[in-house]
Structure formats: structure tokens, C-alpha cells
Amino acid sequence: HRARLELAQPVPFRGVLRALRSTLLPRDTAAQREYAPRRERCGPSDPESKQRGGQRHNNKMMSSMDASALSRQNQKDVRPMLDLVDEMRRLGVEKEVPLPQIAVMGDQSCGKSSVLEALSGVPFPRGTGLVTRCPCQLTMKRSSDDRWRGSVKVLRQTGQELAGDVNVAKEVTSPSALTEAIEVCTTHLTRESGTFSSDSIVVEVRAPHVPDLTIIDLPGIVRTATAGQDMSVVTQVNSTIEKYLAQERTIILAIVPANQDVATVDILERALRVDPTGARTIGVLTKPDLVGDGGEDEVVAVLKNERKPLKLGYVMVKNRSARELKQGVMTTPREQERAERDFFRNHPVWRTMDPKLLGVANLTTKLTALLTKRIVTHLPELKYELQEHFNAAEKNLIRLGAQPPSEEGEKAREILRRFGDYSSTLMASARGDYRNERLPRAGEELSQPR
């Protein structure tokens with residue numbers, strides 16, 4: 001109740017909406033207005049007196065300056081909205097109101113962990129079978145300094161912290177240490193069931209190279225239990241995936257191996273059932289290096305959104321292969337980005353594709369824009385729905401009355417008063433008088449506290 005009362009206050013929402021109206025305009029943004037005069041000053045005042053090389057240098061300098069300004073402005077605009085949704089999720093609001101979010105879904109070993117590593121720079125646990133054994137919220141925040149910081153903690157569905165949760169929460173200063181902390185938290189959450197937990201792990205990364213983005217990583221689709229697993233894991237995992245699929249404010253990030261026939265991809269079929277038009281589903285094609293010779297045409301048709309079309313389309317990424325992981329090469333984000341760029345540039349088929357459809361950088365830009373737009377669209381609805389929950393919670397608190405007395409004498413008097421109220425209400429009801437406000441009215445829920 002207290003969390004709802006705090007969240008439903010209109011002041012922060014009004015401030016965010018005001019910021020959205022003033023900053024998230026597609027044209028004539030504050031950064032553009034600020035730098036427009038500077039662009040004119042940087043331009044050559046007398047084009048005939050400038051050499052072509054100097055003109056190209058000036059144009060390049062202006063483009064770089066404009067891009068930097070818009071990037072800073074975008075970071076300034078996007079971060080408060082993402083922080084607002086993250087805070088609501090931390091307080092458990094999503095149990096009452098669905099929140100705008102991006103959920104990563106796909107089959108086991110489809111490349112989900114590799115995509116998350118490419119986005120965040122954190123080597124998530126990998127392997128065969130059910131590696132992701134509980135939902136994982138990955139929050140990335142771009143920092144202004146060169147320091148890398150990470151943290152991991154447990155988020156219970158009940159919103160309450162249980163004994164031992166604090167012991168596994170940890171702040172680290174390296175990606176490898178964060179990977180170990182994630183594994184410790186996963187073991188902590190699944191030690192009772194041994195396989196799966198519906199509680200979440202919250203991973204936060206602050207670094208200069210990461211985007212301002214929050215993503216929910218879900219376990220891979222399970223069709224059958226393996227040795228040592230209980231059959232209930234199939235139902236538990238699929239129930240969690242279906243819950244996120246059904247939420248209309250969730251963007252479905254469907255991971256699709258490029259070397260697999262798209263007609264047989266389970267996650268696309270599941271997404272089609274809840275999102276027939278593909279309006280909130282974006283596909284990510286992984287493992288393009290495993291596509292056999294002659295099989296590129298089918299992948300090209302999918303990437304061009306001609307086969308299994310989605311309104312949000314597809315993006316292809318190239319992550320580290322199993323051999324490269326084993327060899328421990330390309331461990332830094334810069335090395336991975338360079339290797340991915342060289343792969344697409346040198347491939348005889350992929351290099352002919354639209355560059356906007358290739359690479360983790362383009363995927364990051366697209367996801368940030370999609371999530372920001374979704375928050376902007378649904379924020380007024382969220383405010384209204386939270387206000388409704390606030391009003392209901394406030395009424396329930398009033399019905400519950402004041403807090404119980406702490407002194408012994410007051411406790412005795414309160415019990416006598418309650419017995420007296422009960423007796424008078426019972427006698428009035430026996431006479432056919434049901435006007436007491438403590439009695440439920442016709443059509444009201446009997447379970448409502450009074």
C-alpha cells in the first residue's frame with residue numbers, strides 16, 4: 001500500500017511528461033536549436049576561397065559535433081524515463097500494472113547470452129540446456145567516466161527480501177567478477193527447486209561503452225526435461241515466457257538462429273499468437289557464420305522482412321563462436337565490434353545487405369528507440385492506472401482504520417469496543433436492519449476489508 005501511495009503521486013509523472021514534450025520531439029530538438037548557430041559559424045563563409053579538402057574537413061567536423069551533441073541530448077532525455085520504469089519495477093508495480101519493457105526470448109542455445117554479452121560487455125553464463133534458470137533484468141547505464149562498475153542482487157516476486165538475499169548481493173569492478181556473481185545468485189535462487197525460479201536477478205552495469213537500456217532475459221524454451229530435471233520445469237519455464245508474451249507493453253526480442261529454418265522457430269509462432277501484426281516483435285538473427293553455402297537466400301529473405309515479416313523487422317548480429325570463446329579471444333567490446341564489422345564487410349552475401357540491418361550497434365540503437373517510444377506512449381496510461389490503484393489502496397487503508405494501540409490498557413479497551421460493535425451489528429441484522437456501513441452492499445466483494 002505504501003509503495004502504491006508513493007508511486008501514484010502525480011508530481012514525478014508530471015515532470016517526466018513535461019520533459020518528454022520538450023525534449024523527445026523528432027525534429028527541432030533542444031540540441032539541434034543549440035548547435036544550429038554553431039553549424040553556421042563552422043561553415044565556410046566564402047566557399048570559393050576554400051579548397052575542397054578544407055570543405056570536407058569542416059563538414060566532417062560539423063557532423064561529428066552535431067552527432068555528439070545529439071547523443072548527449074538523447075542520453076539526457078532517455079535515462080530519466082528508463083530509471084522511472086526501473087524504479088517502478090523494483091517496487092513491484094509490475095504485479096499490478098504491466099510496464100513497458102524488452103524481453104529476450106528464444107530456444108535454448110539460440111544465442112541469447114551472446115546477444116546480451118554484445119550489448120553489455122558482460123560474459124553471461126553459457127552452455128547447453130537450461131543455462132538461464134530464472135528471469136534476469138539487465139540494466140545498462142552509460143557513465144561519463146572511464147570506470148566500469150557492476151552490481152547484482154535478487155528481486156523476489158513478493159517484493160520482500162528473504163534471509164540470505166543480502167549475502168549474495170554484490171558490487172564488482174570487472175565483467176568476469178560479475179559473471180561469477182550472477183552464477184552465485186542463480187544457485188541461491190534455485191537451490192530449493194534445483195532447476196528454475198520465478199524470482200529475478202537484477203544486474204546493473206555502468207560503463208562508458210554501454211547503451212542506456214534495460215532488458216529482461218528469460219530462460220530458453222523447454223520442451224522436455226533432461227536427466228536430473230523435474231518435469232515441472234517445462235511448465236514453470238513456459239508459464240513464465242507466456243506471462244511476458246501476453247503483456248501488451250512488452251517488446252518481444254525474438255532470438256532466431258540464422259542456420260535454422262525460420263518456419264520451425266517456436267518463439268516466432270508464440271509471438272504470432274499474441275502479436276498477430278508483429279507490431280511489438282523484433283527478430284534478431286544470430287550465428288550467420290554457420291549458414292551453409294547456398295542457404296543465404298533464405299536468410300536474406302528473412303532479413304529483408306519478406307519471409308515471416310514483422311513490423312519491427314529483423315537485425316543480424318555476429319557474436320563470438322564457440323571456438324573463439326574457448327580460445328578466449330576478442331574479449332573486449334571494441335575487439336568484438338571490429339571482428340563483427342570485418343565479418344559482414346568481407347562476406348560475399350551479407351556485405352550486399354543494407355548496413356542498418358547488420359551489427360550490434362544498429363540493434364542497440366533500434367532497441368533504445370523502441371523502448372523509449374513505448375514508454376512515451378504508455379506513460380499517461382501508467383499514470384492513470386497507478387492513480388486508480390492508489391485510490392483503491394487508500395480506501396482499503398481507511399477501512400482498516402488506525403493502527404492498533406501499543407499500550408496494554410488501550411489494547412483491552414479496543415478489544416471491548418470491537419466486541420461491542422460486533423454485537424450491535426449482529427443484533428441489528430437479526431432485526432432485519434442492514435444499514436451498518438460495515439456490512440457488504442449488494443454487488444460488492446465480500447473479501448473487501450471493512
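**Salt bridges in the predicted model**

At a relative accessibility of 33%, arginine 206 counts as partly exposed, and its side chain meets that of glutamate 204 in a salt bridge with an N to O distance of 3.0 Å. Glutamate 204 is likewise classed as partly exposed, with a relative accessibility of 23%. The structure examined here is a predicted model, and the salt bridges counted in it come to 23.

Arginine 206 and glutamate 204 belong to a network of salt bridges that also links Asp83 and Lys141. Because lysine 141 lies in strand 2 (residues 136–142) and aspartate 83 in helix 4 (residues 52–90), the pair ties together parts that are 58 residues apart in sequence. Lysine 141 has a relative accessibility of 13% and therefore counts as buried, the limit for that class being under 20%, whereas aspartate 83, with a relative accessible area of 28%, is partly exposed.

A further salt bridge is formed between the side chains of glutamate 117 and arginine 320, with an N to O distance of 2.7 Å. Glutamate 117 is located in helix 5 (residues 112–120), and arginine 320 in the loop between strand 9 (314–316) and helix 11 (322–327), so that this pair ties together parts that are 203 residues apart in sequence. Both partners are buried, glutamate 117 at 4% relative accessibility and arginine 320 with a relative accessible area of 14%.

Notes: Residues numbered from 1 in each chain as written. Predicted model: local features only at pLDDT ≥ 70, side-chain atom pairs only at ≥ 80, totals over all residues. Heavy atoms only, no water. Salt bridge = Lys/Arg side-chain N within 4 Å of Asp/Glu carboxyl O. Helix = DSSP H or I, 4+ residues; strand = E, 2+ residues; numbered from the N terminus. Buried < 20%, exposed > 50% of the residue type's maximum accessible area, 1.4 Å probe, protein only.
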